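Look over the sequence and the structure before reading on.

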Amino acid sequence: MSTFLEIESEITSQYLYDDNPRPWIVGFSGGKDSTMLLQLVWYSIKQIPAELRKRQVYVVCNNTLVENPKILKYTEEVLDKIEKAAVNQSMPVMVVRTTPKLEDSFWVNLIGKGYPAPNNAFRWCTERLKINPTTEFIKNKISEVGEAIILLGTRSEESASRARSMKKHEVEGQRLRKHVLPNAFVYAPIKDVVVTELWQYLNQVPSPWGANNKTLNALYRNANSGDCPLVIDDTTPSCGKSRFGCWVCTVVSQDKSMDGLIQNGEEWMEPLAELREMLVEYRNDPDWRQPTRRDGSEGVGPYTIEKRAYILETLLRAQKEVHETEPDISLINYQELVAIQVTWYRDNYFKFSVADIYNRVYGTELTDHDFKDHLIFEKEILKESCAESPDDYQLINELLELQKAKTIMVRARGLQNDLENRLEQFVKSN
Ligand code: SF4
């Protein structure tokens, strides 16, 4: 284990290096590489007297909201343990959980806007789901304290192109390399560790926050999978290949990790695998796609509204089925459902409603109001005032929905245009 003791002593000296310590931001995915990295960092800092542990360490873990649920559950449990152990052991460690913005969520883009399932030619997901949330945290930290050092569990043997990229950015004679973000540096303490050494370390050295590395080992064996590292820029390879990534990932032709888990007893994941298959199979089916793009230009466009509604229903049915055995697992959240409804209104689709689809699946009696801002009383007053002309009520209502859609989705660009388009349609149809 002398190699690991050497790495620890190097991390200790890097930790103590600055007079005015720049924070360390450790990218943590719960996978083997970042677990080894964080363990080494933890043990290195533990050797330093408490009064000298002045550098703050942020453990940043991003949840894409479409993580493989089995892996997400495991990662969440580990993060809880890290938080408790940091307090109990007086470690300068803080866990930070990041998620994509609502308008960047996978389902809001795919079902709301109709973006086709991502593939290598149109991989719209990585930036929205993975890069932006962590980059935002890093940028905020830099604007607070000036500079930051990002610690990654990347290893040279993982891919030749990553090895080249790591070499290119290395600062001569130093362990830090520049990051594409200004005032950010990257430190990759385990870059020369090979996979056999990594598992040897994890199997022999106990987790300092009380997790069980055998559980991690079993997850890898059952999922027949590799790592999905924290993705912080476009030089980091896709989590595409064999990895613990998003369960919806259609960038890979086969999701080996999900298939592996199903074969090893997690049959409840079958509806997820079927939904993913459906997205792969019909991605390029002309019946599923609009004949023009979202901006109105020539070319195959987004999914038709009928297919978006169909995907939402299939997703909710899958969630209902999963709930029979795994009641805590959510495949889509309420905020996303509201944002989907809002996006449909914004794009002038009033034919389908999230409430109707939800009711069909769950037998509930929700109304459109349950998927909107609660302006129910204003609506009633409006209805009374328009008692003589229900068409006006309908139009004003739709214009209000458009305006709210723009507010909820943060990007309020184009509201004027949307309102004018809707008025134009109304005039033409009357
Ligand atoms: S795992 Fe797949 S779906 Fe998720 S961000 Fe990476 S490429 Fe996109």
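The sections below cover the overall chain, its nonpolar core, a pair of helices and the ligand surroundings.

## Overall chain

The model is predicted. The protein chain has 430 residues, and 36% of them are buried. Its secondary structure consists of 16 helices and six strands.

Among contacts in the protein chain with a separation of 6 or more, 69% join residues 24 or more positions apart.

## Nonpolar core

The largest nonpolar core holds 81 residues. Within this core, Val 26, Val 41, Val 59 and Leu 151 touch the most other members. Helix 2 (residues 32-46) supplies the largest share of the core, with seven residues.

Leaving aside residues up to four places away in sequence, Val 26 touches Leu 37, Leu 38, Val 41, Val 57, Tyr 58, Val 59, Val 60 and Leu 151.

## Helix 11 and helix 13

Helix 11 spans residues 305-325 and helix 13 spans residues 354-362. Their axes come within 10 Å and cross at roughly 35°. This crossing is right-handed.

On the side of helix 11, the residues in contact are Ala 309, Leu 312, Glu 313, Leu 316, Arg 317 and Lys 320. They meet Ile 357, Tyr 358, Arg 360, Val 361 and Tyr 362 in helix 13. By class, the residues of this contact are seven nonpolar and four charged, with no polar ones.

## Around the ligand

The ligand is surrounded by 15 residues. The closest are Cys 125, Gly 245, Cys 246, Cys 249 and Val 251. Sorted by class, the shell contains eight nonpolar, five polar and two charged residues.

Technical notes: Residues are numbered from 1 along each chain as its sequence is written. This is a predicted model: local features need pLDDT of at least 70, side-chain atom pairs count only at pLDDT 80 or more; totals for chains, interfaces and linings use all residues. A residue is near a molecule or strand if its C-beta atom, placed from the backbone, lies within 6 Å of it. Ala, Val, Leu, Ile, Met, Phe, Trp, Tyr, Cys and Pro count as nonpolar, Asp, Glu, Lys and Arg as charged, and the others, Gly among them, as polar. Axes are lines fitted to C-alpha atoms, for helices over the stretch in contact, and angles run from 0 to 180 degrees between N-to-C directions. Helices (H or I, at least four residues) and strands (E, at least two) are DSSP runs, numbered from the N terminus. A crossing is left-handed if the near helix is turned anticlockwise from the far one by less than a right angle, and right-handed if clockwise. Two residues are in contact if their C-beta atoms, placed from the backbone, lie within 7 Å. A nonpolar core is a set of buried Ala, Val, Leu, Ile, Met, Phe, Trp, Tyr and Cys residues joined through C-beta atoms within 7 Å. A residue is buried if 20 or more other C-beta atoms lie within 10 Å of its own, exposed if 12 or fewer, and partly exposed in between; C-beta atoms are placed from the backbone.
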